[in-house]
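Reader: I'm new to reading protein models. Could you take me slowly through the aromatic pairs and what surrounds them?

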Amino acid sequence: VPVLERREALALIHDGSRCHGAVVRNLVTGELTAHVARATVIATGGAGRLYKVTTNALICEGLGHALALETGVAPLGNMEAIQFHPTGIFPAGILVTEGCRGDGGLLRDAAGKRFMPDYEPEKKELASRDVVSRRMEQHIRAGHGAKSRFGEHLWLDITLLGRAHIDRNLREVKEICQAFLGIDPAEQWIPVRPAQHYTMGGVRTDHTGENPALRGLFAVGEASCWDLHGFNRLGGNSVAETVVGGMLVGEYVADWCSRPGSDVEVSTGLVREFVERERAHLDALLRRRGRESVRALRAELQQVMTDKVGIFRTGADLEEAVDWLQQLLVRSRELGVANPSPASNPELVDAYRVQRMIKVALTVACGALARTESRGAHYRQDCPRRDDARWLRRTLATWPDAGATLPVLGYQPLDV
């Protein structure tokens, strides 16, 4: 399979019912090209960079989600379902595997006390990720966090496992601690705090990976929502989603492309329209000398998502988040860049990406505000119970009006 390096998809080419490929930008030269295809697959990972601290890679900004969302047709499913992992090293957020706790590691507070038995006397450190994350934040809010110049955190103690066990079974944890914290976890406790970890929602698909609203558009992995996880992914299931899901969807795509009905029949005018639309958008960013800072907008986005749409959610906080994000979206439309070069321009890349990140963030915040219950990793302090009578249904978010500041939410009942 040919791999095109340093390329980024900016938009999906479609006629409202059929996806015909994508408009792609060369990040080095700035050139736009149209890639027309029988099948288009979104496999871009999660949207962790919507948050201030995440275990996700730097590239996981939700841009694959945004590609589908900006068609105005293809829905995103269950975007409010965001999982936080209990043990991201503090302050970087790099993941320390829960195998540490599975092997017998303990969570301790600033006083060195093991606190999880106070909250979860039966499962203790082995409770599910969302429960342990909430208990950790609850303990910090109660004044038991260890203070540092970067903020408050708790401790993960694996010293009791012994050096031989760590060197044999947790070697990667040791290397991470040495490289990013400068500590030896066989002798020192690891500073940890919950960090955004997984996006259970994504581009809505059926069991074949195809989007139900836009034929020829497929999604797979963390970028998709095909009901493997519901509202709370279990540890290890991302491997199933990647390996098994990738294999299954790959086979379905290959079968789909071999059908006679999958032939590409698209007018050159439609393709040209999408290319010119994206070129006009980039030209406007390059010409405009806006007062808004890309860096400031991105920082505000991450801060509001962390503070208002995080582990603990309330109606008041979510309303504030939606209002704030709407303002950010309006402000982002006035963005300009100082560097006028269309080629090899990281500032331009950040400018068009942040606009799309804000839209994806609004699907998360709006979905969370509307869902007046707690389910899996979506925890509403003002609605702490699960409500199957009203909410046993899937959230679907679309953005049919490009000039709007809010997504349109719909719902799909679940047959379970």
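**Aromatic pairs and their surroundings**

Author: A search of the whole structure turns up 6 aromatic pairs; rings of Phe, Tyr and Trp (its six-membered ring) pair if their centres lie within 6.5 Å, and planes under 30 degrees apart count as stacked, over 60 as edge-to-face and the rest as tilted. One of them joins Phe312 and Tyr379 edge-to-face, at 6.0 Å centre to centre with 75° between the planes. Phe312 sits in the loop between helix H9 (294-308) and helix H10 (315-332), while Tyr379 sits in the loop between H11 and helix H12 (388-391), so this pair ties together parts that are 67 residues apart in sequence. Helices (H or I, at least four residues) and strands (E, at least two) are DSSP runs, numbered from the N terminus.

Before we go on, a word on the model. It is predicted, so local features need pLDDT of at least 70 and side-chain atom pairs count only at pLDDT 80 or more, whereas totals for chains, interfaces and linings use all residues. Residues are numbered from 1 along each chain as its sequence is written, and side-chain values use heavy atoms, with hydrogens and water left out.

Back to Phe312: it is buried because its relative accessible area is 10%, where buried means under 20%, exposed over 50% and partly exposed in between (1.4 Å probe, protein chains only). Arg141 touches Phe312 and also Gln381, not counting residues up to four places away in sequence; contact means heavy atoms within 4.5 Å. Arg141 belongs to helix H4 (residues 129-144) and, at 58% relative accessibility, counts as exposed.

Now look at a second pair, Trp391 and Tyr411. Their rings are also edge-to-face, 5.4 Å centre to centre and 70° between the planes. Trp391 is in helix H12 and Tyr411 in strand E15 (residues 408-413), 20 residues apart, and the pair links distant parts of the chain. Trp391 is buried, with a relative accessible area of 4%, but Tyr411 is partly exposed at 27%.

Finally, let's visit the nonpolar core, meaning a set of buried Ala, Val, Leu, Ile, Met, Phe, Trp, Tyr and Cys residues joined through side-chain atoms within 4.5 Å. The largest one has 67 residues, and Ile42, Leu50, Leu301, Met305 and Leu325 touch the most other members. H11 supplies the largest share of this core, 14 residues. Among the residues that Met305 touches are Leu50, Leu325 and Val364, not counting residues up to four places away in sequence.
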